[in-house]
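Subject: Handover of a structure for your review

Dear colleague,

Please find below the structure that I am handing over to you. My findings follow it.

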Amino acid sequence: MMRREQILNGAVLLGLIAVPLWAWSSGEPFIITLATKVAVLGLAGVGLNIALGTGGLVSLGHAAFFGIGGYAMGILASHAQQYVPLFEWPLLVEGTKSMPVIWLVAIVFSGLAALLIGALSLRTSGVYFIMITLAFAQMLYYFAISWPAYGGEDGMAIYVRNSFPGLNTLDPIQFFAITFVILCMTLWFNARLVRSPFGTALAAARQNAERVEAVGIDPYKLRLAAFVISGMITGLAGALFADLNRFVSPTMFGWHLSGELIVFVILGGTGRLLGPVVGAAIFITLEHVLGGISEYWQIFLGVLLLGVVLVARGGVIAVIAGKGVAHD
Amino acid sequence: MTIILLIEQVLNGLQFGVMLFLMAAGLTLVFGVMGLINLAHGSLYMVGAFAAAAVAGATGSFLLAMAAALGAAAIAGVIVEMLVIRRLYDRDHLDQVLATFALILIFSEGTRWIFGSFPLYLNIPPYLSGPITLPGDIQYPLYRLVIIGVGLLVAAGLFLLISRTRLGIRIRAGESDREMIAALGVNISVLYTIVFALGAALAGLAGALVGAIQSVQVGMGEPVLILAFVVIVIGGIGSITGALVGSLLVGLTDTLGRTLLPVLFGTFMEASAATTVGAAIASMLIYILMAVVLIFRPTGLYGAR
Amino acid sequence: MTDVVLSCTKISKAFGALQASKDVSLDLQAGEIHALIGPNGAGKSTLIRQISGAMKPDRGTVHFLGHDVTRLSAIERARLGLGRSFQISSVIPDFTVLQNVALAVLGDEGNSFHFFRDLLKGRPTVERAETCIARVGLEDRRAVRAADLAHGERRRLEIATALALEPRAFLLDEPMAGMGAEGASEMTRLLDTLRHEAPILLIEHDMDAVFALANRISVLVYGEIIATGTSDEIRSNAEVRRAYLGEEETA
């Protein structure tokens, strides 16, 4: 069963390169953009999957980190674009158009936010945890709306995509390559994480927290660390998403996005390494196929989702690769 | 800042809080009795508002509109409960979140499909519009007072229902011991449908009442739903008293925060900056309140410890 | 003076009107098996939860290796070397036998915050885990998911997990529960060797095992210890006979 999942994982990644390469050779930049969107939203889902799939933490507030990543990009780039420093005191902080710097800032700040939100939310569990994570994300949403310096409700446009040393990021296929490499590196990290002592203990705490306490490990610390790692990855995805659209707005903090991230994870299969990527690919394909047929395509999405939850639990990967998540 | 303005804002806060209570009461009952987290509760709020706007548009009667809101939301509640929700009681919270998220998509897009994307308007009837003069020469819109009155009546009715009636006894029994009341011959699935429909009707009523102040549009239920979650986290899941206290706390904190914080910041900041900072912080105030409650009482003010 | 490893002094715990533990004092000495028996509902599990730290007593203290651990959490007590296996089956169902035991080794090593190295490729960890698995005779089942084990095997896995913590004292909550006669006698032999590793506080319903193994037995009735002594002393104790057999007191 595990073999099959590995082969499937390879096929998914190959497909994710093949489609944009084909689109590139046949001059379809829009398809490349869609593939980039899959890679970026898949990355956000991979982040969530660490908390949700491995840790069993149903966060309905991951848009918070996605949005912080987006605004990290928006704020830094808008200052650079206007040649106005962010701060002059106590030390001079200038904006930047450099992607690596923006990513670093996005990761650090979404990690800090995850530390704060997680420290509070993880004092509770179950349905409280769901509602509280949702509420904190909503808080940032309203803050972004009511803070006029960075566009308020209207958001901010960044006119030229940020730069990466040695690449022309304005070329869709080159920007896709950046997001794809980041996705693969994160997946590799995630695969290591799941097999590491930390990942093992985290998965154990999901299944039987009392057992984990009995061997002297504190589940709270495990979960908090997982939540922070998860938030950092989703934050990085947010920065990339903002760069993809060259636009940030409070909707990046919106709770629909939190819901969709969960949908990616579940559609693909909870706790599966590539589940979120498969889920994002299905979601975006549906959006464009069904969206072309009907303006009200989300009805079909809703029905499909109901079907997955009520009938095909375990997600698409389970249907193709067999039920059990592989071990050992 | 005059005392009159302050009293007005307190009344606004009460009105807001009472609305939140109508939403939160249903959510907390459904969670307490069936153990279900229902994200689609906001959709029932929307259903109520649209039903009211449609009936008011057709008949011109505000009372009929309110009745339609209650009825439509309750019927929608019954249908949804029988088709989807009852399959979720034994599932984990993740499945419940997803399935009810799917319901939101269906409800929202379905409503957009039927009514279009433009907001509808529900007018306050003449006999409820206009300001009235309260003791102390305070002018206050009659309609908002009516909302406060209706909300408090519903709250009182709900407390009576829970504490005095046979249905209420069964609801309370359902919260503590499902198997036992099933063993006593109570038809549990009918009880669940009734509780869900009751919560739905309250949400529908809230949507219709608010629909006359704001516009009636797709997605209107979602911000209210999230506020109702904050209320429940503060009040404690499953507690009607907690829902009432939480609602009023959130309503008053939010309304007064938006009025008072800019003034407060204005005492030591330049006026326009004070407005900006004050408004931004006011928008976060109830979440900060929630965080503070969480630190001291992780299960809410009235939650089981 | 004997070497007391674990002791609780005048522990009391009430749930509303129900007095689950009433001034319970009990100790565990090096090298012994001390069995705790009593009718159902006597408060054995409540007592063991208070000793392990899963529950705080209303009054009284718990000492472990000379430290007052009354205020420490279950996690902190586990780190000091209090090894516990549960009454409710407490393995990680989706994990293999090896993963389950390796998790315990990890807890004992105190370094679960490693994000990169593969747990099952960490030599010392796996070797320690395998030693414990071999001691309970599960070496052929190391790659089987805990959920797929037979009941008795799962019990043995729990013991292996407790062993992996290299505890200074074991708290074993009904290790024989649900086992057949053969499994029970095998478990009896295992526990017999275990006591030299660390003393065992044993809760068990299987009286054959208790009387065969225990150096001392304490009898808990309605939250109170009514007698402590050797097997023979307990067998002939009038109060115990009354509690269990409902015999009238003989003068």
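I begin with a stretch of chain B: residues 68-85 are 89% helix and 0% strand, with their end C-alpha atoms 23 Å apart. Helices and strands here are DSSP runs numbered from the N terminus, a helix being H or I over at least four residues and a strand being E over at least two. This is a predicted model, in which local features need pLDDT of at least 70 and side-chain atom pairs count only at pLDDT 80 or more, while totals for chains, interfaces and linings use all residues. Residues are numbered from 1 along each chain as its sequence is written, and chains are lettered from A and ligands numbered from 1 in the order in which they are written.

The stretch 68-85 is one of those that the unreviewed UniProt entry lists as "transmembrane region" in chain B; the others are 16-37, 44-62, 97-122, 142-162, 183-213, 225-252 and 273-296. UniProt positions are in the numbering used here, feature names are shortened, and the annotations may be inferred rather than shown by experiment. Over residues 273-296, chain B is 100% helix and 0% strand, and the end C-alpha atoms lie 33 Å apart.

Confidence. The model scores ipTM 0.90 and pTM 0.90.

Chain contacts. Two residues are in contact if their C-beta atoms, placed from the backbone, lie within 7 Å. Ala, Val, Leu, Ile, Met, Phe, Trp, Tyr, Cys and Pro count as nonpolar, Asp, Glu, Lys and Arg as charged, and the others, Gly among them, as polar.

Chain A also touches chain C, through 23 residues of chain A and 30 of chain C. Two or more residues on the chain A side come from each of α6 (172-195), α7 (197-207), α8 (209-214) and α9 (219-245); α7(A) gives the most, six. By class, this side has ten nonpolar, six polar and seven charged residues. Chains B and C do not touch, and their nearest C-alpha atoms are 14 Å apart.

Domains of chain C. The assignment, whose bounds are automatic or from a database, gives domain 1 (1-81 + 171-251) and domain 2 (91-166). Their centres, taken over C-alpha atoms, are separated by 26 Å. Nine residues of domain 1 contact eight of domain 2, and α6(C) gives the most to the domain 1 side, with three residues.

Cores. A nonpolar core joins buried Ala, Val, Leu, Ile, Met, Phe, Trp, Tyr and Cys residues through C-beta atoms within 7 Å. A residue is buried if 20 or more other C-beta atoms, placed from the backbone, lie within 10 Å of its own, exposed if 12 or fewer, and partly exposed in between. The largest core has 287 residues, and A:Ala135, B:Ala52 and B:Val230 have the most contacts inside it. Leaving aside neighbours within four places in sequence, the contacts of B:Ala52 include B:Ala65, B:Leu122 and B:Gly211.

Yours sincerely
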